[in-house]
Amino acid sequence: MDFQPLLRINLTTNSKWQAETSWNIALAYTCWYIWKWRNIRVFGKEENLPFDSRTVILKATQEWSTASSANTKTTSNYQVTLAWEPPPRGYLKLNVDGSCKCASGSIGAGGVIKDELGNWTGGFAINLGKGQILEAEIWGLFFGLKLAVQKEINNLIVEMDSATAILLF
């Protein structure tokens, strides 16, 4: 069988792997880790590769499955009127958000860091390619925290509107 049909079949199957872990999620993590570890090796980063790659992949897959099932059970929809509130004196606030264009699957994220007076300290906007809204939200948090680290900000309050992403942490 050609590679693309084989991959499509494996990614759309409902089969289980290692107890209650979905095979398609395990395969996706396996491919991602192979790509990541290959890049570490090729680009010569001083990072140790795992001794037991199977355990690393299994743990990541189980964490994903647990977080995914927990989110569907604990989230609820309710309307909240939102307005930016300044952080306490001496703190900065990072507001991040992800977005998804459902028709094309395009995702992106952005964020801003402001002080207690609302003065701009930094910000970012990034095109993340194709994916799902949860990925956009989490990547938004990652890039916002990375910006705060680059600016050596220690007193930071983070706000985001994704209950699902918050439950993952």
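1. Start at helix H1, which spans residues 3-12 and holds Leu6. Keep in mind that this is a predicted model. Leu6 has 38% relative accessibility, so it counts as partly exposed. The band for that label lies between the buried cut-off, under 20%, and the exposed one, over 50%.

2. Next, look at strands S3 and S4. S3 covers residues 92-101, and S4 covers residues 106-114. Their pairing is antiparallel and runs over nine bridges. For one of the contacts, find Cys100: its bridge partner in S4 is Ile107.

3. The turn here deserves a check. S3 and S4 make a hairpin, with four residues between them. Gly105 sits in that turn and has a positive phi of about 80°.

4. S4 also pairs with strand S5, residues 120-130. This pairing is antiparallel too, with nine bridges. Gly108 has Asn127 as its bridge partner in S5.

5. S4 and S5 form a hairpin with five residues between the strands. Gly118 in this hairpin takes a positive phi, near 85°.

6. Glu152 lies in the loop between helix H4 (133-150) and strand S6 (156-160). Its relative accessibility is 68%, so Glu152 counts as exposed.

Technical notes:
Residues are numbered from 1 along each chain as its sequence is written. This is a predicted model: local features need pLDDT of at least 70, side-chain atom pairs count only at pLDDT 80 or more; totals for chains, interfaces and linings use all residues. Side-chain values use heavy atoms; hydrogens and water are left out. Helices (H or I, at least four residues) and strands (E, at least two) are DSSP runs, numbered from the N terminus. Buried means under 20% relative accessible area, exposed over 50%, partly exposed in between (1.4 Å probe, protein chains only). Two strands pair if DSSP finds at least two bridges between them.
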